[in-house]
Amino acid sequence: MKKYQIGPWPAALDPSLVEAARSVEIATIGHFRHRGFMATAMSPLGTVRGTLVGRAVTVAIPGPCSTLLHHAIGLLGEGDMLVIDRLGDGRHACLGGGVARAIARTGAIGAIVGGPCTDPDEIAESGLSVWCTGIAPITTRLLDLGGSLNLPIACGGVPVMPGDVVLADSTGVLVMPPGEALEAADEARTREARSQARQAKLAKGMKLGDLSGASRMVQADQDAAS
């Protein structure tokens, strides 16, 4: 059996889908969707502006080995989001300053690591947006232990398929199949417009409880008990 399992390269995302997803906040989608959100331990290194949207390129590598990761980076291109399954390892950092710079040069928009990174200052200098579980000083090496590329993985507690739509911002990471992402983005835009209208009413002095209906519910309970 081959040590390195390689799947087909995923299809490109529809540009209109990417544009629609970029226009919304992940937290807005969190108001009505509950699947695909990575664990809160997956947090960004540094400041993230807006919502980044990319095609999932999936890699799974065993704890101390980053051989396949180095190979995969050479295949990345514009708009890719590299998602790395560390197969349960929380000790070894597979991504540091040098690897971040290599990824940034490919045009990929970011990397999601299901484990720690290292060299946070150098990663920031590279310009690459990275989400991970923390910082570690112990790094991986080229040990030729195998792994998978563009096959199903798990990262941040959610399944990730090659070609999935990955949204990442300052609040975290959301993964969705392309067929569901556009519908979610459309619903989020509708809700954000509704929220802006609500904020305008609050600015004019309306109380939140009256606007949301919460005060009516509380009053109904009080009236029933009296």
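R33, R35 and E180 are linked in a network of salt bridges, a salt bridge being a side-chain nitrogen of Lys or Arg within 4 Å of a carboxyl oxygen of Asp or Glu. The model is predicted: local features need pLDDT of at least 70, side-chain atom pairs count only at pLDDT 80 or more, and totals for chains, interfaces and linings use all residues. Residues are numbered from 1 along each chain as its sequence is written, and side-chain values use heavy atoms, with hydrogens and water left out.

**Overall architecture**

- The chain holds eight helices and 11 strands; these are DSSP runs numbered from the N terminus, helices being H or I of at least four residues and strands E of at least two.
- The C-alpha trace spans about 70 × 35 × 35 Å along its principal axes.
- Taking contact to mean heavy atoms within 4.5 Å, 75% of the contacts between residues at least 6 apart in sequence join residues at least 24 apart.

**Burial and surface**

- Of the 226 residues, 46% count as buried, where buried means under 20% relative accessible area, exposed over 50%, and partly exposed in between (1.4 Å probe, protein chains only).
- The accessible surface of the chain is about 11500 Å², and 54% of this belongs to carbon and sulfur atoms; the areas come from the Shrake-Rupley method with a 1.4 Å probe.

**Charge**

- There are 20 positive and 22 negative side chains, with Lys and Arg counted as positive, Asp and Glu as negative, and His and the chain ends not counted.
- The centres of the two sets lie 1 Å apart, each charge being placed at NZ of Lys, CZ of Arg, CG of Asp or CD of Glu.

**Salt bridges**

- The count of salt bridges comes to nine.
- R35 pairs with E180, with 3.3 Å between the closest N and O atoms. R35 lies in the loop between α2 (26–29) and β2 (43–44) and E180 in helix α6 (residues 178–203), so this pair ties together parts 145 residues apart in sequence. E180 is partly exposed, at 26% relative accessible area.
- D186 and R189 also form a salt bridge, at 2.5 Å from N to O. They are three residues apart in helix α6, so about one helical turn separates them. D186 is partly exposed at 32%, as is R189 at 35%.
- R22 and E19 form a salt bridge with their closest N and O atoms 3.6 Å apart. Both lie in helix α1 (residues 15–22), three residues or about one helical turn apart. R22 has a relative accessible area of 43% and E19 one of 49%.
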